[in-house]
Amino acid sequence: MLIETATWEDKSSQAYRDYSNANSTVMELYHKNHVRQTVNHVIHMKDHYSQLKNGKMSVWRVLELLDTMIDESDPDTEMSQMMHALQSAEAARKDNQPRWMILTALIHDLGKYLSFLGEPQWTVVGDTFPVGCAYSDKIVYSEFFKFNPDYLHPVYSTQYGLYEPHCGLDKVLMSYGHDEYLYQVCKNYLPKEALYLIRFHSFYSCHKDKSYGWLMNEEDHAMMEWMNIFNQYDLYSKTENKPNAEALLPYYIDLVSEYFPVEIDW
């Protein structure tokens, strides 16, 4: 059973993703992100990290590592990534979502392991967006793009840029971060719906503000129905009430083992 209206919100949806009062750390991260996420950067990062040559680890080990990380792009919470993962998963679980959706809510941010590989947060966290075409003014802090080397590029600055209309998001170069990295890590293990949510869950200018519809194909539009459901658990489950990780551990160990081997390539 799919429930599209969450009953566990502590505040209205309008109170989330409010960047008007974000601290200087958030703004500085987005400034670096928007200036440095170029076509060349994205191609380099995809080529490098899609090889998955950073050793084998369990999903749980990466979750434990992320318990020490605070996402500098997030204006909504200063909780660790482990706490956010459990809050998201528990919200989906309470709504009786499919097990793959609960798992996706638990692991969707594990690509932030990039930070432990030495990558700065500006190429790990934050909203994602297409590169190689004109930037939407719906992107958070879009005014910073004027300092990006691609901003005045004769091709990349046009609406369609490198792309054909309705080519599909899987054909688009997205700014590089934890979404794309985790997609590459998980693509042999999860159903296509879960992989789509992982790969595009930070593309808020599209699934929240309806920009870039000209890039989307029929499959993208169908998948956005799942994205709208998932967003409830990713965004609106953020409260300052910490889940009891120890009590929840047996359920989530079983859930992870249903989809993943003991260790996977990172």
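Throughout these views, buried means under 20% relative accessible area, exposed means over 50%, and partly exposed is in between (1.4 Å probe, protein chains only). The model is predicted, so local features need pLDDT of at least 70 and side-chain atom pairs count only at pLDDT 80 or more, while totals for chains, interfaces and linings use all residues. Residues are numbered from 1 along each chain as its sequence is written, and side-chain values use heavy atoms, with hydrogens and water left out.

**View A. Tyr-160 meets Trp-214 edge-to-face.** Rings of Phe, Tyr and Trp (its six-membered ring) pair if their centres lie within 6.5 Å; planes under 30 degrees apart are stacked, over 60 edge-to-face, the rest tilted. Here the centres sit 5.0 Å apart with the planes at 65°. The two residues are 54 apart in the chain. Tyr-160 is partly exposed at 38%, whereas Trp-214 is buried at 15%.

**View B. Phe-203 and Tyr-212 form a tilted pair.** Their ring centres are 5.6 Å apart and the planes make 45°. Phe-203 is buried at 0%, and so is Tyr-212 at 6%.

**View C. Ring pairs tie six residues into a cluster: Tyr-49, Tyr-113, Phe-116, Tyr-176, Tyr-181 and Trp-266.** By the ring rule above, the count comes to 16 aromatic pairs.

View D. The structure holds zero disulfides (pairs of cysteine sulfur atoms within 2.5 Å).

Notes. Helix = DSSP H or I, 4+ residues; strand = E, 2+ residues; numbered from the N terminus.
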